[in-house]
Amino acid sequence: MAAMTDFVFTMTTGRSGTLYVAQLLQRNLPDAECYHEILGWDRFGVDTPDVSHMTLFNSQGNVEKVQAFWRSKLTRIAATPHRFYVETSHMLMKAGLIENLAPLTAKGTVHLIALERDPYATIVSLRNRLDFFNVGNMWLWYLDPAYPKGVCLWYILEIRARAAYYEKLLAGQNRIVFHHFTFEELRAADGAARLLNALGVRSEPSDVTIPKPRNVGETRIKIDAAERAQIKALIASVEAGPDAVGAEALLAHSLG
C-alpha cells in the first residue's frame, strides 16, 4: 500500500502569522515540502489563485473555472513524494480550496488549521500596510465587503465565520481534520509542540525549533488613544460568538 500524505493548510486572515507557521513546520516536520505563499510572475493562476479565481468564487461560487484551477493544482500536490505537504497561504481558502479537496483526500489526510491572531494586532498590521485602501488589493489578497457571496462582515469576522462554516459543513468527513490555534500560542514552544503532535509528530516543547520573527516592519500609520479605544470597543462588541452565528448564516447561503 502506498504511503499516505498529510496535507496542511490554514483558514485565516492575512497578517495572522502564516509565514511564521510555514517556517515553524519547515523546521520541525520530518520529510516535509513547505510553502508560505507561492508567488512569481508565472505562479498566479497556476500555484496561487489569480484575481479572477478570487472574484469569481466570492461572487458566483465554485464555478467551472475555479474548479479547473483547483483540479490542476491539487492533482500536482497529491503527487508529492513527501510525508507532509504544507502551504499556509491565507488566500487559498478564500478562493475555493475547501470545496475542491477531493484530489487530496484520495491520497491522504487534509489538516485545516483555523489560525487566529488577536484582532486588534491584526487590524493594526493591516492598516500599517494600507491593505484596505485600494479595491484591487482587496480583490487580489483579501475580500471585498460588497461580494454577494458570504456574510458581509468585517474581514476578520468573515474569515472566522467561514472557518466555522467549513467545520460544520465537513464534520465527520473522512480524512479531513480541523485544528484550532492562535498565532500567540504557536509562538511558544508549548503551543508549537501541541500543533506538531496534532499533526502526528510526537514532540516535546524542548524538541521544538522556534523561528525568529519575520515580516515585522515599522509602524507607518499611528493610532491615537481615542481610535485605539474605539477599535477595541468594536472588537468587544462582536466577540460574543460571531463564528457560530456566521456559520449558520453561511450554511443557509452557501459559498459554493
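Predicted model: local features only at pLDDT ≥ 70, side-chain atom pairs only at ≥ 80, totals over all residues.
View 1. Strand 1 (residues 5-11) and strand 4 run parallel, with 7 bridges joining them. Strand 4 has a partner in strand 5 (residues 176-182) too, again in the parallel sense and over 7 bridges. There, Ile 113 is the residue standing opposite His 179. Strand 4 itself, residues 108-116, is mostly covered, with 7 of its 9 residues buried.

View 2. His 111 belongs to strand 4. With a relative accessible area of 4%, His 111 falls under the 20% cut-off and so counts as buried. Its side chain makes a polar contact of 2.9 Å with the side chain of His 179. Skipping residues up to four places away in sequence, His 111 also touches Asp 6, Phe 7, Val 8 and Phe 9, and its other contacts include Val 177, Ala 198 and Leu 199.

**View 3. Here is the largest nonpolar core.** This core counts 31 residues, and the ones touching the most other members are Phe 9, Met 11, Ile 98, Leu 104 and Leu 112. At least two residues each come from strand 1, helix 2 (51-60), helix 3 (64-78), strand 4, helix 7 and strand 5. Helix 3 gives the most, with 6 residues. Take a look at Ile 98: leaving aside neighbours within four places in sequence, Ile 98 is in contact with Met 11, Met 93, Leu 112, Tyr 166 and Leu 170. Another core, of 21 residues, lies apart from this one, and Leu 29, Val 86, Ala 193 and Val 208 are among its members. In soluble globular proteins, nonpolar side chains tend to be buried together.

**View 4. Helix 7 is mostly covered.** How far apart are the end C-alpha atoms of helix 7? They are 21 Å apart, which agrees with the 21 Å that 15 residues (155-169) should span at 1.5 Å a residue.

**View 5. Thr 12 is tucked into a loop with two polar contacts to show.** Thr 12 is in the loop between strand 1 and helix 1 (18-28). Thr 12 counts as buried because its relative accessibility is 1%. Its side chain joins that of Ser 16 in a polar contact of 2.8 Å, and reaches the backbone oxygen of Leu 115 at 2.6 Å. Not counting residues up to four places away in sequence, Thr 12 touches Thr 18, His 90, Met 93, Leu 115 and Ile 159.

**View 6. Salt bridges get their own close-up.** The structure holds 7 of them. A network of salt bridges links Asp 42, Arg 43, Asp 47 and Arg 76. Within it, the Arg 43 and Asp 42 side chains meet at 3.2 Å, N to O; Arg 43 is partly exposed at 25% relative accessibility. Glu 64 bridges to Arg 71, with the closest N and O atoms 2.6 Å apart. Both count as partly exposed, Glu 64 at 47% and Arg 71 at 41%. Glu 185 and Arg 194 form another salt bridge, at 2.9 Å, N to O. Glu 185 is partly exposed at 25%, and so is Arg 194 at 44%.

How values were computed. Residues numbered from 1 in each chain as written. Heavy atoms only, no water. Helix = DSSP H or I, 4+ residues; strand = E, 2+ residues; numbered from the N terminus. Expected span 1.5 Å × (residues − 1). Buried < 20%, exposed > 50% of the residue type's maximum accessible area, 1.4 Å probe, protein only. Pairing = 2+ DSSP bridges. Core = buried A, V, L, I, M, F, W, Y, C linked by side-chain atoms within 4.5 Å. Contact = heavy atoms within 4.5 Å. Polar contact = N/O pair within 3.5 Å; in protein donor to acceptor, adjacent residues only side chain to side chain. Salt bridge = Lys/Arg side-chain N within 4 Å of Asp/Glu carboxyl O.
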